[in-house]
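User: I am new to this structure and would like to be walked through it carefully. Could the explanation proceed by questions and answers?

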Amino acid sequence: MTNRILPFITLVFLSTLFSIVIGDDGVAISEQYPLVVSTWPFKEAVRAAWRAVDGNHSAVDAVVEGCSACEELRCDGTVGPGGSPDENGETTIDALIMNGVTMEVGAVAAMRFVKDGIRAAKLVMQHTKHTLLVGEKASAFAIAMGLPGPDNLSSADSIRKWSKWKENHCQPNFWKDVVPLDSCGPYHAKARIDVKEGGCSTRYLMGVAEPRSSLVGPHNHDTISMAVIDKRGHVAVGTSTNGATYKIPGRVGDGPIAGSSAYAVTDSGACVATGDGDIMMRFLPCYQVVESMRLGMEPRLAAKDAISRIARKFPDFLGAVVAVNKNGVHAGACHGWTFEYSVRSPATDDVEVFTVLP
């Protein structure tokens with residue numbers, strides 16, 4: 001493993017290999033590919049994706065294998081069955097897959113009772129004309145299409161974590177402007193004290209959002225967000241996550257939202273993201289990154305620009321993106337935390353982990 005650290009932005013120019021070979025189907029294959037990029041040091045997931053794509057599988061199939069490995073391993077306890085519980089102690093799954101050639105997307109959100117999030121998302125893409133299915137109806141669809149279930153997605157670890165949180169009077173949580181404070185509810189809306197007749201809140205007039213307590217960190221809200229470029233230069237992205245720990249039941253974050261947690265356009269490149277999804281999905285940072293690269297911006301600047309747009313409005317948010325252009329050049333940018341991402345390419349013998357400082 002190689003650790004490479006640069007302040008705020010990490011940029012890596014992969015060596016460009018111009019030799020071309022012809023595959024069994026007569027399609028030209030560039031030897032600068034394949035490439036696998038993932039948020040965080042989820043090395044086993046990257047290796048699983050690499051085995052698939054290096055074995056001539058498509059970018060879409062490689063993304064499924066990589067994210068599925070992370071679900072099985074319960075990466076950081078925030079992906080897959082048995083991961084982060086919601087406010088009621090239940091574990092649910094959000095997932096997305098996107099084909100950068102066809103622009104097809106499949107996603108599931110707040111899915112209960114089915115552990116295979118990324119495979120359910122692929123089934124949505126393959127077998128429906130929809131983009132996103134949610135809740136128990138997503139679970140019923142996935143089971144009807146052959147995935148195992150219904151299963152209890154909670155684990156001893158997730159229940160233990162939830163019980164400790166309950167003992168701490170359900171603090172911290174995601175409620176605001178409610179009563180009672182410092183308890184587990186039930187909650188009720190309280191009268192706003194910052195709005196008076198004929199006047200507006202000072203923070204609204206200033207155009208800056210109210211401060212958020214830090215509910216997001218590397219071990220309570222991780223998303224695996226993965227991009228793959230296959231040997232034909234086709235790009236796909238995918239995500240899987242349990243969402244924010246102790247989220248309000250029914251909450252959907254950025255994980256299954258195309259353009260927020262991930263985005264891919266084969267002619268331009270891809271982006272993967274992680275962080276405070278409730279904030280990041282308001283800005284569609286990965287769409288912004290890919291569009292900036294389409295307009296000619298290099299990955300380093302595209303990543304930095306997308307993060308800075310969020311930080312101007314939410315200076316205390318935590319988040320990161322990785323930009324990958326169609327040539328395999330990748331760069332990361334982050335805000336509020338130190339971020340790591342993983343890469344496997346033909347130029348390396350194993351997964352490399354790159355560190356980005358805020």
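Predicted model: local features only at pLDDT ≥ 70, side-chain atom pairs only at ≥ 80, totals over all residues.

User: What percentage of the 358 residues is buried?
Analyst: The protein exposes about 15,500 Å², and carbon and sulfur atoms supply 55% of that area. A residue counts as buried when its relative accessible area is under 20%. By that cut-off, the buried share of the 358 residues is 53%.

User: Is helix H3 largely enclosed or largely open, and how many of its 11 residues are buried?
Analyst: The buried residues of H3 include Ile118, Leu123, Val124 and Met125, and Lys122 is also among them. These buried residues pack against helices H2 and H4 and against strands E6, E7, E8 and E12. Helix H3, residues 117-127, is largely enclosed by the rest of the structure, because the number of its 11 residues that are buried is 8.

User: How are H1 and H2 oriented, roughly parallel or roughly antiparallel?
Analyst: The axes of helix H1, residues 43-54, and of H2 come within 7 Å and cross at roughly 150°. Angles over 145 degrees count as roughly antiparallel, so the orientation of H1 relative to H2 is roughly antiparallel.

User: Does H8 pass H9 in a left-handed or a right-handed crossing?
Analyst: The axes of H8, residues 285-294, and H9, residues 299-313, come within 9 Å and cross at roughly 145°. In this contact Pro285, Gln288, Val289, Ser292 and Met293 of H8 meet residues of H9 that include Pro299, Asp305, Arg309 and Ile310. The contact residues divide into 8 nonpolar, 2 polar and 2 charged, and the crossing is right-handed.

User: Which peptide bond has an omega of about 10°?
Analyst: Most peptide bonds are trans. The bond from valine 179 to proline 180 is cis, with omega near 0°, and proline 180 is found in the loop between strand E9 (178-179) and strand E10 (188-189). Proline 186 lies in the loop between E9 and E10 as well, and the cis bond with omega of about 10° is the one joining glycine 185 and proline 186.

User: What is the phi of aspartate 76, which is not a glycine?
Analyst: Most residues other than glycine have a negative phi. In the loop between H2 and E6, arginine 74 has a positive phi of about 50°. Aspartate 76 also has its place in the loop between H2 and E6, and its phi is positive, at about 55°.

User: Is arginine 74 buried, partly exposed or exposed?
Analyst: Partly exposed residues fall between the cut-offs of under 20% for buried and over 50% for exposed. Aspartate 76, with a relative accessible area of 35%, is partly exposed. Arginine 74 has 27% relative accessibility, and therefore counts as partly exposed.

Notes. Residues numbered from 1 in each chain as written. Heavy atoms only, no water. Helix = DSSP H or I, 4+ residues; strand = E, 2+ residues; numbered from the N terminus. Buried < 20%, exposed > 50% of the residue type's maximum accessible area, 1.4 Å probe, protein only. Areas by Shrake-Rupley, 256 points an atom, 1.4 Å probe, with all protein chains shown as cover. Contact = heavy atoms within 4.5 Å. Axes fitted to C-alpha atoms, helices over the stretch in contact; angles between N-to-C directions. Parallel < 35°, antiparallel > 145°, perpendicular 65-115°, else oblique. Left-handed = near helix turned anticlockwise from the far one by under 90°. Nonpolar A, V, L, I, M, F, W, Y, C, P; charged D, E, K, R; others polar.
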